[in-house]
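Thanks for making time, everyone. Let me put the model up, and then we'll walk through a few regions.

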Amino acid sequence: QAIRREDYRPPAWTVPEVSLDFDLDPATTRVRARLEVSRREDTVEPLRLDGAGQRLVSVLVDGVAINDWRLDGDTLEVPLTGDTHVVETEVEIAPDANTQLMGLYASNGILCTQCEAEGFRRITYFPDRPDVLARYRVRMSADKARFPVLLANGDPIASGDLPDGRHWAEWHDPFPKPSYLFALVAGDLACNRSSFTTQSGREVELGIWVREADLPRTHHALHALKLSMAWDEHVYGREYDLDVFNIVAVDDFNFGAMENKGLNIFNSRYVLADPDTATDMDYDHVAGVVAHEYFHNWSGNRVTCRDWFQLSLKEGFTVFRDQGFSADQGSAAVKRIEDVRALRASQFPEDAGPLAHPIRPESYLEISNFYTATIYNKGAEIVRMMATILGPQRFRAATDLYFDRFDGTAATCEDFVQCMEDAGGVDLTQFRLWYSQAGTPRVSASVTHDAGSGRATLRLGQQVPATPGQSDKEPMVIPLKLRLFGAATGRPLTDEQLVMLNQASDTIVYEGVTERPVLSINRGFSAPVVIESDRTPDELAFLSGTDDDPFARYEATQQLMLDTLVAGAIEGGRTNHDAVIRAVSATLSDPSLDPAFVAEAVLLPAEGFIADQLAVVDPEAVFAARQALRSDLARQLEEQWRAAYDGPREPYAYTPRAKGSRRLRNVALGYLAATNTGDAGKLAFTQFAAADNMTDRQGALQVLANGDSDERVAALDIFYNRYADNALVLDKWFQTQALATRADTVEIVAELSRHPDFSLANPNRARSLVGAFGVNQRALNRADGAGYRFLADQLIQLDKLNPQTAAKLLPPLGRWRRFDATRAVMMRAELERIVAVPGLSKDLFEQASKSLEG
Ligand code: ARG
Ligand code: ZN
C-alpha cells in the first residue's frame, strides 16, 4: 500500500530526549532505549513506535514493566495515559546476519550503521520519521581487542574499561536530530587526525577513520574536508557547530556516503585515494562526496525534512552546493559540462521512462527507490534556476533567510521556495510546477531574419511530455540565457539576456539586426530542458568555434554530433561527417582552449543519449553509427590526435592543469585506437605499462578491453595480479570489462559473475559488474535476449541479500517501450519473471511492477 504525500499528519508524540545503550556483539547486540515522550496537545492516540526485524525483550513505562503493549505488524503500540512518560525498551539484533546493510551491520569486522531513510527502526523501536527531533545520548560497550574504537554522533563524554576484556564509551549530541541521522561505529580503526579553525575562531577536531593499512590513502579526503569547511563559510556563511567531525570509511555500503551528525559514514571508494589506485575522476568524486556530506550539516541536518516527500529539499540543494564547490576548485565550465552529461545519462532517461516522478513525488511504496537522479540532480537544477532568477546577492539573502528561519526544524520544499520569494522579491507561483510536474520539457526555438527591415524574430515554444499519472501538463517557467551572433562577422549582436519562457509559445523581436543572426540558447544550461532548434550544421559548427560561453560551445559541438549520429542510426549507411570533422579539428587546434575542455568537447555523445533521440532504438545501428563517426574522426584527424597524444606532458600531480592533459591524452588514445591501423594495441599497452598513475593505467586498460588485440588479455592479467588485494581497484577490473564495447561482453560478464572475486554481497562489486553491464547499451540489448536474462538472474539473486541495491539496478530493464517489439517482449518477460518471485522485496517489486505498467 502506497504512502501518499497528501496523507501527512504531524506526529502524535514527540521524543525530546533519548538514551541508547548498546551491548555490542556481531552475533547478538542488545539495545536498550530510554525515550522521554511527550503528547502533542490535541492527540488521543497511543504511542506508536516503528520497528523491523528485531526481537523485543521488554517494555517499561515510567520504570515499571508492562504487558499491555501490542505489536501491530512491525509497529509497537504502547498505551499511555498521561502527557509525558519515560518508555524503555530492550531488543536484540543480529548485525552479522544483516545483509541489507540497513540498521546496524558488520563490514569486514567493523560494526557500523546506516539509518536513512528507515534503518533506525531496525535498531530499536522509535517514531522513525524525520519530523521527530530528539537529543541523543549513546553508550556503547564492546570487546576492547576487536572494537578498540567506539564512535557516535556529537561529542565524546566519557569512556572506561569493563571486566572480561570489554570497554565502554559515551557520546552526546547536543543538537536535536531525526533518527535517520543517528550513527555509531565500533572497530579496529586508525585515524588521520587534523583540525580546523572556524571563522569565529572555534577549533574543530577532524578525523578520518580507516583500517591502518589505508591511512596513506586518506590525505586527499582530509584536504577536501578542510576546503569544504572553508568554502561553506565563505560562500554560504555556514560554520560548523560541534567540536568534533569524524568520517569513517567502510567497504560495504549501499550508496556513496551518509551525513550522520558529526559522524559521516562513507563508502570507502569515496574516501580512499592515492595516485597508484585512484583515477582523477575518483579524486574528483572523493572531494565532491566529502563536500556533499559536509554541506548536509546545514542543508539536511540543522534544517531537515518534514517527511520523505521533501527529500529534494536537502538533496537537490546539497547537490547544487557541492557542484558549486567543485566548480570553484578547477574549471567551472568543465564541471558544468560533466554535470550536464551526468544529468542526460541518468536523469533524462528517468524522466522519459516508466519510473518518471516529480522532484517532490506524490506517493511511494518504498522510499529507498526515490533516491534518484531526479530528486538529486534535477532537484539541483531546480535550485540552480532559482539562483539564476534571483542573481547571486539575492540568492544568498534567500539561503540566509532559509537557514535562519528553519534552523532546528523539519521543513518542506514549499518553505524553501517561500524564502526565495521573500528574500528575492519574486513571484514563483508558476515556477513551483517544477516541483510537481515530471518530464523533461522540450523547447523549440527558431530565428527568422528580414534583412530589409533589420528585424530578427525568435519564436520559442514549450511542451512537457506526458509521464505516468500525469497526462496533461501546464507550461513551466523556463529561464533561458540566450544571445545572438552575426553569422557573417562572428560578432555578438546582443548582450546575453535571460528570457523567461512561461507560456506555451512566445515571440521576441530584435530590431537593427543587420546580418543573419545565429542563436546561442540555454547558455550554461540555464534550464534542464531539451532544445529543439532548426540550426543548420554550419551554424552549429560556427557556434562550436566562436561562442563566448564555453558551455554553449560544447553544446553546439554535441548537437552537431548528435544530429549526425541520429541520421546515421536511421539511415544506416554513410552520412555526411564533414561538419563534425571540421568542428572537432578546429577545437583540437584552438590554442586558446583549456585541454580539459577540449577533451570534453571532442567526445561523442554516449550511445544511450543517442538512443534517447530515436522513436525506436536499434542498439546495433546506434553503435554502428557511432563507431563509423568515431573511426572517420580518428582517421581523418589522425595527425591531430597524435599531436594531442604526444603533446607536452605534465608530471603527475592532481592539479586542474595536469588532470586536463591526462584527460585529453586518454581521449586521444581512444581515437588513435579507432583508426584500426593495428598498432593501437601496442600504443595502449605501452601507456599501460609505463603509467605512474591510475588515470593513465585505467585509460589504457579500457581501450585494450574494448578491442581485440593480443595485449588485451595480458593487460587484464597484469592489472588483476597487481591489485588482487585492493577491492576498490578490482572493482575497476570488473567494471572495465562490463563496459567494454565488444560483441561478446555478455559472455565475458557471465563468466566474471562466477569469478572467485565476484560477490553480490558487496554493493560496490555488484555495481561494478551488474550495474556497469546494465548501462552498456549494446551488450544489455543484444538481440538474442541473453543480456536481459543475465541482468534479471542477477537481480533476483541480489534481492535476497540486499533489496535496496537490487532495486537500484533494475531501471535498464524498464526501457522496453523504447525498443522494437521483439526486444520489448523479452524485456517484459524478464520483468514478469522478477515480479513473480516468491518473497520478492517491496523495493524490487515497486521498480519492476511500475516498469511493466508505465
Ligand atoms: N543522504 C545520503 C546522501 O545523499 C544518501 C542516503 C541514501 N539513502 C538511501 N536509502 N538510498 O548523501
Ligand atoms: Zn545527500
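**A buried tyrosine, a ligand shell and a helix**

Tyr-294 counts as buried, because it has 27 C-beta neighbours inside 10 Å. Keep in mind that this is a predicted model.

Where does Tyr-294 lie? Tyr-294 is in helix 2. Setting aside neighbours within four places in sequence, Tyr-294 is in contact with Leu-225, Ser-228 and Met-229. Its C-alpha is separated by 9.2 Å from that of Phe-245, which is 49 residues apart along the chain.

Helix 2 also takes us to ligand 1. Helix 2 (280-295) and strand 20 (257-258) each give at least two residues to the shell around ligand 1. Among the surrounding residues are Glu-116, Met-258, His-292, Glu-293 and Tyr-371. By class, the shell has five nonpolar, three polar and four charged residues.

Next, helix 6. Residues 392-406 form helix 6, 15 residues in total. End to end, C-alpha to C-alpha, helix 6 reaches 21 Å, close to the 21 Å expected. Which residues of helix 6 are buried? Ala-398, Thr-399 and Tyr-402 are. These cover an arc of only 95 degrees around the axis, so they sit on the same side of helix 6. Their cover includes helix 1 (219-236), helix 5 (373-390) and helix 7 (413-424). On the face turned away from the buried side, Gln-393 and Asp-404 are exposed. Just after helix 6, Gly-408 takes a positive phi of about 80 degrees.

Last, the annotated domain. An unreviewed UniProt entry places "Peptidase M1 alanyl aminopeptidase Ig-like fold" at residues 439-533. In the model, that stretch is 0% helix and 49% strand. Its end C-alpha atoms are 19 Å apart.

Methods
Residues numbered from 1 in each chain as written. Chains lettered and ligands numbered in written order. Predicted model: local features only at pLDDT ≥ 70, side-chain atom pairs only at ≥ 80, totals over all residues. UniProt positions renumbered as here; feature names shortened; annotations may be inferred. Helix = DSSP H or I, 4+ residues; strand = E, 2+ residues; numbered from the N terminus. Near = placed C-beta within 6 Å. Nonpolar A, V, L, I, M, F, W, Y, C, P; charged D, E, K, R; others polar. Buried ≥ 20, exposed ≤ 12 C-beta atoms within 10 Å, placed from the backbone. Contact = placed C-beta atoms within 7 Å. Expected span 1.5 Å × (residues − 1). Arc of directions from axis to C-beta.
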